[in-house]
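I opened a new page for this model and listed what to look up. The entries below follow the order in which I went through it.

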Amino acid sequence: MKRIALGLQYVGTGWNGYQKQPARDTVQDQLEIALEKFACAPIHTTCAGRTDAGVHAVEQVVHFGTELSRADQSWVRGVNTFLPDSITVRWAREVDADFHARFSARSRTYHYVLYNNPNPSALLAGRAGWVFRPLDVERMRAAAAHLIGTHDFTSFRASGCQAKSPVKDMHELSIERRGDIIVFTVRASAFLHHMVRNLVGALIYVGTGRNEPDWMAEVLASCDRDAAAPTFMPDGLYLAKIEYDPKWGLPQEAVSPLPWL
């Protein structure tokens, strides 16, 4: 039995998240349907991190077991033949049996793309969040500084989150403005359910002047979900990169995180 890792890219608009559902309307469902057609046998995949409905991936990583022997590029082209245009396999690599897409990951990076303009953009519908009030990036950066390090992120955790511990190590939370586009880059050891969207919602409260930057420290310390802002829309959220030890030899792509911007 061989173990194959795939780099997967998808637009989450129109899909009911990553994880399989009875209606078979998820990214995982579509991937496993395509794999079965290519391999002529059922294949179960394990991903690095589940994404919700409407959330995108610049690079999701999955692994699976198979007895089929194919060249790496054959997996890419063959599986893509059976996938819809919004889901694409970008690379494939045979890995050692002890590689695990989720548990071998060192960190995960998300981008949140926000359109900050008085009027919505039809071209960014489903691809970016939208805030019509002016946002002060410097205020948001000051608030974000309180989140760096190892903390209990209960205040930014969805009620149905199944993670064993709310304590995560936040490596980076940077905010960059490019005209009317604001990009939040968040890198951590792992994430709680809705954590990034909840963080972005709280940072927007600070950016609009509704709360002061130090309010973020108070919310974090409270360990109370009700103390934070509502969960922000999923449209602008992108799973950007899963970091692994170089020993696995994964051909992860060194591309612009959001090449369409």
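**Entry 1: D52.** I started with D52, which sits in the loop between strand 2 (46-47) and strand 3 (56-66). The model is a predicted one. I checked the record, and the UniProt annotation "active site", from an unreviewed entry, covers D52. Is D52 buried, exposed or in between? I noted a relative accessibility of 24%. Buried would need under 20% and exposed over 50%, so D52 counts as partly exposed.

Next I looked up its contacts. Leaving out residues up to four places away in sequence, D52 touches G17, H193, H194 and R197. With R197, the side chain of D52 also meets in a salt bridge, at 3.7 Å from N to O. This pair links distant parts of the chain: D52 is in the loop between strand 2 and strand 3, R197 is in helix 4, and 145 residues separate them. I looked up R197 as well and found it buried, with a relative accessible area of 11%.

**Entry 2: H194.** H194 was on the contact list of D52, and I followed it. I placed H194 in the loop between strand 9 (181-188) and helix 4. Its phi is positive, about 70°, although H194 is not a glycine. For background, I noted that most residues other than glycine have a negative phi. H194 has 22% relative accessibility and counts as partly exposed.

**Entry 3: helix 4.** I then took helix 4, which runs over residues 195-207 and has 13 residues. From its first C-alpha to its last it reaches 18 Å, close to the 18 Å expected at 1.5 Å a residue. How many residues of helix 4 are buried? I found 13 of the 13 buried, so helix 4 is largely enclosed by the rest of the structure. After helix 4 comes G209, with a positive phi near 90°.

Entry 4: I went back to the record for a second site. UniProt, in an unreviewed entry, places the feature "binding site" at Y110. I located Y110 in strand 5 (residues 107-116). Y110 is buried, with a relative accessible area of 9%. Its contacts, again without residues up to four places away in sequence, include R50, T51, F184, V196 and Y238.

**Entry 5: the domain record.** The unreviewed UniProt entry gives "domain: Pseudouridine synthase I TruA alpha/beta" at residues 9-103 and 143-245. I looked at each span. Residues 9-103 are 23% helix and 25% strand, and their end C-alpha atoms lie 20 Å apart. For residues 143-245 I wrote down 22% helix and 30% strand, with the end C-alpha atoms 31 Å apart.

**Entry 6: helix 2.** In helix 2 (residues 72-80) I found W75, V76, G78 and V79 buried. What do the buried residues of helix 2 pack against? They pack against strand 1 (2-10), helix 1 (27-39), strand 3 and strand 4 (87-95).

**Entry 7: C40.** I looked up another positive phi. C40 has one of about 60° although it is not a glycine. C40 lies in the loop between helix 1 and strand 2. With a relative accessible area of 71%, C40 is exposed.

**Entry 8: other salt bridges.** E32 and K20 meet through their side chains at 3.3 Å, N to O. E32 is in helix 1 and K20 in the loop between strand 1 and helix 1, 12 residues apart. E32 counts as buried at 8% relative accessibility, whereas K20 is partly exposed at 36%.

R106 forms a salt bridge with D245, and the closest N and O atoms are 3.0 Å apart. R106 lies in the loop between strand 4 and strand 5, D245 in the segment after strand 10 (237-243), 139 residues apart. R106 is partly exposed at 44%, and D245 is partly exposed at 26%.

**Entry 9: a surface patch.** Last, I looked at W130, F132 and M233, which form a nonpolar patch on the surface with about 270 Å² of accessible area together. W130 belongs to strand 6 (residues 129-131). W130 is partly exposed, with a relative accessible area of 32%.

How values were computed:
Residues are numbered from 1 along each chain as its sequence is written. This is a predicted model: local features need pLDDT of at least 70, side-chain atom pairs count only at pLDDT 80 or more; totals for chains, interfaces and linings use all residues. Side-chain values use heavy atoms; hydrogens and water are left out. Patches are made of residues with over 30% relative accessible area and no salt bridge: like charges are joined within 9 Å, nonpolar side chains (Val, Leu, Ile, Met, Phe, Trp, Tyr) within 5 Å. Accessible areas come from the Shrake-Rupley method with a 1.4 Å probe; for residues, only the protein chains shown count as cover. A salt bridge is a side-chain nitrogen of Lys or Arg within 4 Å of a carboxyl oxygen of Asp or Glu. Helices (H or I, at least four residues) and strands (E, at least two) are DSSP runs, numbered from the N terminus. Buried means under 20% relative accessible area, exposed over 50%, partly exposed in between (1.4 Å probe, protein chains only). UniProt positions are given in the numbering used here, feature names are shortened, and annotations may be inferred rather than shown by experiment. The expected span of a helix is 1.5 Å times one less than its number of residues. Contact means heavy atoms within 4.5 Å.
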